Amino acid sequence: MLKDAADMTSLMSLRHHMFSAAFKAIALTGADRWGRGVAQGRGVILTMHNVRPWRERGFAPNRLLEVTPDFLDRTLGLIRGEGYDIVSLDEALVRLSESKPGRFFVALTFDDGYRDNLDHAWPVLARHGAPWTLFVTPGFAERTARLWWLELEEAIRALPRVSLDLPDGGFSARTESDGEKRLAFSRLYWRLRKGPEATLLAAISDLAGQAGIASAALVERECVPWETLRSLAGAPDVTIGAHTMSHPMLAKHPPEVASREIAESKARLEAELGLPIRHLAYPVGDPGSAGPREFALAREAGFVSAVTTRPGQLFEPHASHLHALPRVSLNGYHQSEEALRALLSGLPFLVWNKGRKVNVG
Ligand SMILES: [Zn+2]
């Protein structure tokens, strides 16, 4: 049990250091090559969020969600250099169901529908002839859903002190220096993530109000509108998938809410874009946000696949669990060739998942 948030923050940074060290060790020993036979699956689905040029900032708690166009370029170059195939999600499912494994494949997915995906990622993807999937939340396209993790960042950036009444007691912290801001973000973020989503949204609304941050303006700045999505739909090599209506952590909500969020996002995107929407990504996507109930709902809604953020590669048994597929996040803290080689080898997940290749519970 963690005593306080300072422990949490140092634990997070310890985790980053441990991963860095592990990636280095894997590269140094050449384990990414000899380990493939044991750990590598048939393929992997990569997750990305923001793709934009590096900006130096002392306080950037959502940095893990952003990679640079240059890193994306190097990633695609390395994948091709290893002789791996870059495939669409539809093709990934075909390959997963084939009786014999073929060449290792990589599917590229981008969550939420950020403008920078079109401005910075698309040109790189097009240059490599790489198919990709954009998971769209209609609520972002129409500016009604909230990028609450970004609201929290911007509010703490703006405020010299954070003070909140929460149902389980007050929260108060000085947030003058970057270090204080990092600590306050991490304490508050994890405290709110554990509780009901309504409490999280109300608390962050309160803070955003104190800081004069308008939620809809943030979404307008970051996310593509319907008009842009319509021009993207049907472009070669682009698949549009659904990411629920308003981006809730589904498992925290009653079944009728979760069901509606999933089914309506499919219907809404199909009506707006005139395309069949076949794939779903669960928002946040960890076991606390998407579990067996959500996997069943996605299947019932008619999706052919649904992806989580549970880390792992794709193995043959996943063909029977197409609504609980693992993905591997390209993490902004680990934009290095050794990290990439380790992730593609599959070794870190064999350890992470304690030898289990399929984690769908
Ligand atoms: Zn998302």
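**Exercise 1.** Which protein donors hold the zinc ion, and at what distance from it do they lie?

*Solution.* Before you start, note that this is a predicted model: local features need pLDDT of at least 70, side-chain atom pairs count only at pLDDT 80 or more, and totals for chains, interfaces and linings use all residues. Residues are numbered from 1 along each chain as its sequence is written, and side-chain values use heavy atoms, with hydrogens and water left out.

Step 1: look for donors (N, O and S atoms within 2.8 Å of the metal, or 3.2 Å for Na, K and Ca; water is not among the atoms, so sites may look incomplete). You'll find D112 (OD), H243 (NE2) and H247 (NE2), at 2.0 to 2.1 Å from the zinc ion.

Step 2: write down their spacing along the chain, which is D-x130-H-x3-H. D112 belongs to strand 5 (residues 105-112), while H247 is in the loop between strand 9 (238-242) and helix 13 (255-273), so the pair links parts of the chain 135 residues apart. Helices (H or I, at least four residues) and strands (E, at least two) are DSSP runs, numbered from the N terminus.

**Exercise 2.** Work out which residues of helix 13 and helix 14 meet.

Step 1: list each side. Helix 13 brings P255, A258, S259 and I262, and helix 14 brings R293, E294, L297 and A298.

Step 2: sort the residues of this contact: five are nonpolar, one is polar and two are charged. Here Ala, Val, Leu, Ile, Met, Phe, Trp, Tyr, Cys and Pro count as nonpolar, Asp, Glu, Lys and Arg as charged, and the others, Gly among them, as polar.

**Exercise 3.** Is G285 buried or exposed?

*Solution.* Step 1: find G285 in the loop between strand 10 (279-281) and helix 14.

Step 1: read its relative accessible area. The value is 0%, so G285 is buried.

Step 2: see what surrounds it. Leaving aside neighbours within four places in sequence, G285 is in contact with T308, T309 and R310.

**Exercise 4.** Where does H334 sit?

*Solution.* Step 1: H334 is in the loop between strand 12 (325-329) and helix 15 (337-345).

Step 1: with a relative accessible area of 11%, H334 is buried.

Methods: Contact means heavy atoms within 4.5 Å. Buried means under 20% relative accessible area, exposed over 50%, partly exposed in between (1.4 Å probe, protein chains only).
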